[in-house]
Amino acid sequence: MNPLNQTVKTSTFHTSPGTTHKKSTAISPRLAGRNRQPIALISVHGDPDVDIGREEAGGQNVYVRQVGEALAKLGWQVDMFTRKIHPDQPTIVQHSPHCRTIRLTAGPLEYIPRDELFEYLPEFVTAFQKFQAKEGTNYPLVHTNYWLSAWVGLQLKKHHNVQLIHTYHSLGQVKYQAVSNRPRIAETRLTIEQQILEQSNTVIATSPQEEEVLRHTVSQKGHISVIPCGTNLENFHVISKPEARLKLGLDPHEPIILYVGRFDLRKGIETLVRACHQYQMTQNEPFKLIIAGGSDPNKSDGQERQRIETIINELGLTEQTYFPGQLSHDILPLYYAAADVCVVPSHYEPFGLVAIEAMACGTPVIASNVGGLKFTVIPEETGLLVSPQDINGFADAINRILTDDIWTQKLRKQASVRVSENFSWSGVAIRLSDLYRRILAESIMDERLLPVSRSVISSEVAAISATATTRKVS
């Protein structure tokens with residue numbers, strides 16, 4: 001039987017009320033990818049197969065999953081490695097015959113905040129090497145995501161001479177400028193973020209602005225390639241506002257202001273809420289504020305939601321505000337299309353997937369004038385940019401978009417065109433694929449890509465396993 005024509009069987013399991021996961025029968029890359037080059041995408045804390053919108057599940061998870069599936073369509077055998085956090089999670093989830101998520105055991109099978117994960121990374125390296133040895137697969141190229149995965153990639157490069165690509169998704173230098181108390185792991189993170197830029201084959205910056213920040217705050221050394229993020233244009237596309245509102249049961253005439261994302265202090269939701277209150281005080285016009293995103297009362301995102309709800313109550317916006325919770329990608333486009341404006345008030349975003357998702361649906365965006373948002377949102381053409389945490393600025397921008405219908409219609413058309421021409425996942429994958437092939441070709445020319453025998457792998461696994469339990473970072 002042709003392995004490409006095999007049917008992938010799936011079953012379901014439940015980890016919490018209302019949450020259903022699919023478990024698929026794994027297809028070995030030795031069968032499914034017989035004539036394909038295997039590559040590894042590593043995202044230690046960002047599981048490509050989880051529901052988006054929960055704590056620590058956002059743009060990075062989407063990026064890895066979408067890039068992985070798109071690369072598989074271009075001819076690669078893609079294995080996406082992440083950390084297993086629940087006993088009932090399947091170890092392997094097959095997304096397509098040539099793309100799968102592989103969950104490795106590193107530390108206890110429970111959720112652990114990312115700032116506390118570093119001590120378990122040696123176990124992740126060991127598990128990766130054991131999986132590689134068991135499968136008989138050698139990954140000559142590894143693409144890591146976020147600094148935790150960068151450390152894993154650096155160890156693999158040291159032991160296996162893999163070609164190493166990295167995407168930051170978030171920068172410690174930027175994050176720690178906005179907090180009063182740095183976590184204990186801060187210096188370790190900053191060191192690794194510098195090492196990955198200087199020692200990897202290349203770092204992927206998702207915008208020219210991110211490249212500038214990297215050079216200014218991290219290191220002048222190392223190679224940077226600018227390749228943006230993308231969006232699924234089959235899912236996020238223009239839908240008429242009346243149709244979207246009818247399907248969602250929303251008022252056909254009431255102005256709608258939308259926020260989509262995690263509940264995190266750095267996402268700037270408080271700025272949006274206070275800007276909406278100011279808009280109400282000056283215009284005295286009815287509106288609805290929709291704040292979409294999942295939260296867990298027992299975790300930090302749940303605490304941030306409670307804080308935001310307290311502010312909403314204090315400002316008298318309870319009746320105008322709606323929390324639909326976590327939205328699947330099947331229904332999210334309807335919310336984008338139903339909104340008059342989508343607001344992205346983040347304190348910093350390397351790229352900002354929400355902005356291009358909204359624009360793909362023809363919705364103007366008001367965003368903070370920071371990071372990659374300055375690249376994705378074109379002022380006066382697809383939306384407006386405002387200084388982060390500028391309540392007056394966001395209120396004025398909201399008022400302008402909600403009151404200038406002719407101009408807003410122009411924004412809607414130009415927003416969807418910009419995304420379709422510049423930010424498809426297939427286009428992103430083509431550029432990444434070309435980069436991977438060039439780096440692999442150069443490694444062969446330089447005779448740097450050497451085969452790793454099973455005996456060498458076994459000895460390295462044993463050595464790392466012996467030290468994994470003693471390696472701790474305070």
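Modeller: A residue is buried under 20% relative accessible area, exposed over 50% and partly exposed in between, with a 1.4 Å probe and protein chains only. This is a predicted model, in which local features need pLDDT of at least 70 and side-chain atom pairs count only at pLDDT 80 or more, while totals for chains, interfaces and linings use all residues. Residues are numbered from 1 along each chain as its sequence is written, and side-chain values use heavy atoms, with hydrogens and water left out.

Colleague: What makes Tyr139 buried?

Modeller: Its relative accessible area is 1%, and the cut-off is under 20%, so the term applies. Phe81 has 0% and is buried by the same rule.

Colleague: Why is the pair of Phe81 and Tyr139 called edge-to-face?

Modeller: Rings of Phe, Tyr and Trp (its six-membered ring) pair if their centres lie within 6.5 Å; planes under 30 degrees apart are stacked, over 60 edge-to-face, and the rest tilted. Here the centres are 5.6 Å apart and the planes stand at 85°, so the pair is edge-to-face. The rule gives 14 aromatic pairs in the model. Phe81 and Tyr139 also belong to one aromatic cluster with Phe128 and Phe131.

Colleague: Which parts does the pair of Phe81 and Tyr139 tie together?

Modeller: Phe81 is in strand β4 (residues 76–83), and Tyr139 is in the loop between α3 (121–135) and β7 (141–145), so the parts joined are 58 residues apart in sequence. Helices (H or I, at least four residues) and strands (E, at least two) are DSSP runs, numbered from the N terminus.

Colleague: How do you know that the charge of Arg400 sits over the ring of Trp407?

Modeller: The test asks for NZ of Lys or CZ of Arg within 6 Å of the ring centre and within 35 degrees of the ring normal. The charged end of Arg400 is 4.0 Å from the centre of the Trp407 ring. Arg418 lies over the face of Phe375, at 5.8 Å from the ring centre.

Colleague: What makes helix α12 mostly covered?

Modeller: Eight of its eight residues (353–360) are buried. Among them are Leu353, Glu357 and Met359.

Colleague: What lies between domain 1 and domain 2?

Modeller: The largest nonpolar core, of 63 residues. A nonpolar core is a set of buried Ala, Val, Leu, Ile, Met, Phe, Trp, Tyr and Cys residues joined through side-chain atoms within 4.5 Å. Helix α16 (residues 425–445) gives the most to this core, with eight residues. Domain 1 (38–226) and domain 2 (241–423) both give residues to this core, so it lies between them. The domain bounds come from an automatic or database domain assignment.
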